Amino acid sequence: TGTNLMRSFLFLTILLGAIGASASDQEFKHSYLQTTGDSPANIHFVTMGNENADAVVLLHGFPQFWYMWQSHMQILSQKYFVVAPDLRGFNESSKPANVEDYAIPKVVEDIRQLLVHLKKRRVILVGHDWGGLIAHGFALTHPKLVKRLVVINAPHPMALVEQLETSEAQRRGLDYVIGLRKLGSEQMLFAKPEILEGAMFYAD
């Protein structure tokens with residue numbers, strides 16, 4: 001079940017952290033896909049494992065990139081074909097200038113085109129943080145393409161909307177997102193990286 005799969009991922013994370021597992025970058029295959037449509041992007045993605053096996057697609061959070069999954073990929077690739085893209089705006093993928101090009105449907109479409117490119121009809125989709133919201137959006141938009149959905153540290157979109165409408169604490173808890181949209185916020189992150197470790201900064 002999806003619950004058991006999520007437990008397995010959490011256990012795997014703890015295990016790999018305990019033994020200090022690592023993987024050589026030479027074991028990974030780096031590729032690029034130029035997506036098409038009204039918001040095209042050049043998407044960098046990394047694969048590992050037997051291309052004929054069932055696929056696991058790993059979507060990273062903010063401010064990570066594909067490499068956050070490197071230890072997981074080493075284990076999962078023993079059974080699955082593992083795919084870890086850099087979402088648009090991160091690392092080696094395109095960084096569109098317009099804010100509108102980062103809307104969830106645009107990122108979802110990148111992933112859909114990636115699956116078409118890889119000739120994968122149904123996948124186990126795993127998302128963490130921002131990648132979790134993308135995974136939710138993908139599953140809602142393309143349910144037939146998702147065999148299993150695992151979301152880590154990200155709420156269901158409908159639950160998030162409800163909480164934002166009814167909970168002042170939840171709204172305050174997401175004020176840092178508004179802060180990240182302010183001009184010059186990247187300089188603040190360079191100066192105070194601990195902001196991303198739990199400290200919040202606000203729009204006012």
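At 3% relative accessibility, W66 is buried, where buried means under 20% relative accessible area, exposed over 50% and partly exposed in between (1.4 Å probe, protein chains only). The model is a predicted one, in which local features need pLDDT of at least 70 and side-chain atom pairs count only at pLDDT 80 or more, while totals for chains, interfaces and linings use all residues. Residues are numbered from 1 along each chain as its sequence is written, and side-chain values use heavy atoms, with hydrogens and water left out.

**Aromatic residues**

- Four aromatic pairs are found in a search of the whole structure; rings of Phe, Tyr and Trp (its six-membered ring) pair if their centres lie within 6.5 Å, and planes under 30 degrees apart count as stacked, over 60 as edge-to-face and the rest as tilted.
- F62 and F90 form an edge-to-face pair, with 6.3 Å from centre to centre and 75° between the planes.
- This pair links distant parts of the chain, since F62 lies in the loop between β3 and α2 (70–76) and F90 in the loop between β4 and α3, 28 residues apart; helices (H or I, at least four residues) and strands (E, at least two) are DSSP runs, numbered from the N terminus.
- F62 is partly exposed at 33% relative accessible area, whereas F90 is buried at 13%.
- The ring centres of W66 and Y67 are 5.3 Å apart and their planes stand at 90°, so this pair is edge-to-face.
- Y67 is partly exposed, with a relative accessibility of 36%.
- One aromatic cluster is formed by F28, F65, W66 and Y67.

**Surroundings of Q64**

- Q64 is placed in the loop between β3 and α2 and is partly exposed, at 26% relative accessible area.
- Leaving aside residues up to four places away in sequence, Q64 touches F90 and H128; a contact means heavy atoms within 4.5 Å.
- The C-alpha atoms of Q64 and N91 are separated by 8.4 Å, and the two residues are 27 apart along the chain.

**Nonpolar cores**

- The largest nonpolar core has 25 residues, and those with the most contacts inside it are V57, L59, V83, L87, L125 and F138; such a core is a set of buried Ala, Val, Leu, Ile, Met, Phe, Trp, Tyr and Cys residues joined through side-chain atoms within 4.5 Å.
- At least two residues of this core come from each of β3 (55–59), β4 (81–85), α3 (104–118), β5 (123–128), α4 (130–141) and β6 (146–152).
- The most is given by α3, with six residues.
- Another core, of 16 residues, lies apart from it and includes W69, A84, V150 and I152.

**Strands β5 and β6**

- β5 and β6 pair in the parallel sense over six bridges; strands pair if DSSP finds at least two bridges between them.
- V126 stands opposite V150 in β6.
- From β5 the chain passes through α4 to β6 in a right-handed β-α-β crossover, meaning that, with the strands pointing away from the viewer, the path from the first strand over the helix to the second runs clockwise.

**Helix α3**

- Buried residues in α3 are V107, V108, D110, I111, Q113, L114, L115 and L118.
- The buried residues of α3 pack against β1 (29–34), β2 (42–48), β3, β4, β5 and α4.
- K119 follows α3 and has a positive phi, near 60°.
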